[in-house]
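Open the model in your viewer and keep the sequence panel beside it. The stops below can be selected one after another.

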Amino acid sequence: MALPPRPHNICTLAWEGVFAARFGYWDEPVRCVDEDDDEPQCWTGGYTYTVSSAVWLTCAHTGCSWCRFLEKRFLKKIKSWYSVWPIRDKPVDVRVGRNESLSCIGPRGNLSMDWCHIILKYGERAYSSVFVLNTYADDHAAPYVGNVLSVPYVWMEECAQGHEVCRRLGTLDSANWLPTRLVDCSNPHRVRVIETKDIVNGARYVALSYVWGAGSQTHRTTTANLPTRLRDGIATEALPRTIRDAIYVTRTLGFGLLWLDSLCIIQDSPEDKHREVGSMARVYRHAYLTIDAATAAGVKEGFLQDRPPAHPPNATILPFICPASSGDGQVLQPETEVRVGCVYFSTGYERREDCRLKNETDRRGWCLQERLLSTRSLIFDRKTLSVKCQTRPAPRPIGVDGGLRNNHGLYDVIPIPGPASAVLPGSEKWEKIYERWQDIVEDYSGRSLTYASDKLLACAAIAEAFAPHLGPGYLAGLWPQTLLRDLLWHTWGDSPGRPWRYPYAPSWSWASTNRRSLARYNPWFK
């Protein structure tokens, strides 16, 4: 197929090479073959070409956007290594392609965001960077450059099949366990509460983690309306926006069953609430996926609001030659019609530690338990989507290179329950488990709760996960075998002092205050 006319801002070498090869996306993903080397030099996959440093820099300075992009991203790294620059007789080897760790997010199918791996080798050293490659949904390039909800679907399958820890957690207790009730989302216009005793074993369901917010919760399931909801269902349009959004995401990802507390627990039945709250750990652990409505301050707000534009301000705009067929041979356009779209190369929306602003579910006590206990979560952040699982507990934003700081998991430290899961008290592994508990107390104690009486209840399932290693016994947030250390907790921050009184927690427990608490001894604290 003949190439379309070359744009004036792309040099001939790049147009007939890397652009004609569509940035190596139809080749094998880029991967390192020196996994044990701190500074790997050998790479395979993608599209490669060689250019002299003189030609490269000349093209960059005479208007080629691609060569200029490489110069901006790599020249400073090269100069930091070579004292004499430029050494113009040395060739520059460039390798471009899909990033191996995210190779499942390929250009095939109806996909708007991808990851592009570029390695530039000069002399004996190779310089590697991963970039976000994205476009607008209505651009000609959109069918080849990712749809956001396609990303987590492929990631879920990869996690379920390839992560041993996540796979074992999903079958802990019983592979066929289901909550007492679920919401049947098969009809997008009218959902129905169903009793799971009538469901075939092994059905997959999605759970929702969200903030109820202020105001009356008229959509709740009660003893009076349960029979009607079991028989006739509920009109979807009558439900708050956050629940409607969750139903949409559940169906879009190919699931038909959804669990959420306000519909699946009888809210005016103390007996039902006691029984179902006691099963919360299993509900989130056995859910195939937890939808984290992180941005919604209340159930009426929703979480599918518009995010930032398809490209951040620092993006480099480049043409994309659309192929006549997809990688699997499916014809997408006549061979005589060659379309050129636009794609945007960038390093991400923000620095990765700044990508996730403080979300609503990061402020609420019950939501921490739901996130920590979930086998895998899809987090709707303010700026992007993030995915996390028990194998990789730090949320990984879609559109940002790498995970985020200060995010803890459970089963990356705690052994999965089983015959050989015991940890010797005082050992190095035991100390890591205890330190993780302290980190969680610090996070949880600074979160808010609607009811002060929930202070210990909303973290009870987390304590249950730690009990086999820090127990026996559990004393209102403290452990008998570390009691002297645990009593040295102290508060910090500017929040109010101690408005919550007994009998919710004894005065010697960090749970007796609503201020953020450090559950460890600080020798500098007076």
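**First stop: an aromatic pair**

Select F255, which is buried at a relative accessible area of 9% (buried means under 20%, exposed over 50%, partly exposed in between, with a 1.4 Å probe and protein chains only). This is a predicted model, in which local features need pLDDT of at least 70, side-chain atom pairs count only at pLDDT 80 or more, and totals for chains, interfaces and linings use all residues. Residues are numbered from 1 along each chain as its sequence is written, and side-chain values use heavy atoms, leaving out hydrogens and water.

The structure holds 21 aromatic pairs (rings of Phe, Tyr and Trp, its six-membered ring, with centres within 6.5 Å; planes under 30 degrees apart are stacked, over 60 edge-to-face, the rest tilted). The ring centres of F255 and Y288 are 5.5 Å apart and their planes lie at 45 degrees, so this pair is tilted. F255 sits in the loop between α7 (241-252) and β11 (257-259), and Y288 in the loop between α10 (280-286) and β12 (289-292), so the pair ties together parts 33 residues apart in sequence. Helices (H or I, at least four residues) and strands (E, at least two) are DSSP runs, numbered from the N terminus.

**Next: W259 and Y284**

With ring centres 5.7 Å apart and planes at 80 degrees, W259 and Y284 are edge-to-face. W259 is in strand β11 and Y284 in helix α10, 25 residues apart.

Select G365, L368 and L372 in α12; they meet I440, D443 and Y444 in α13 (contact means heavy atoms within 4.5 Å).
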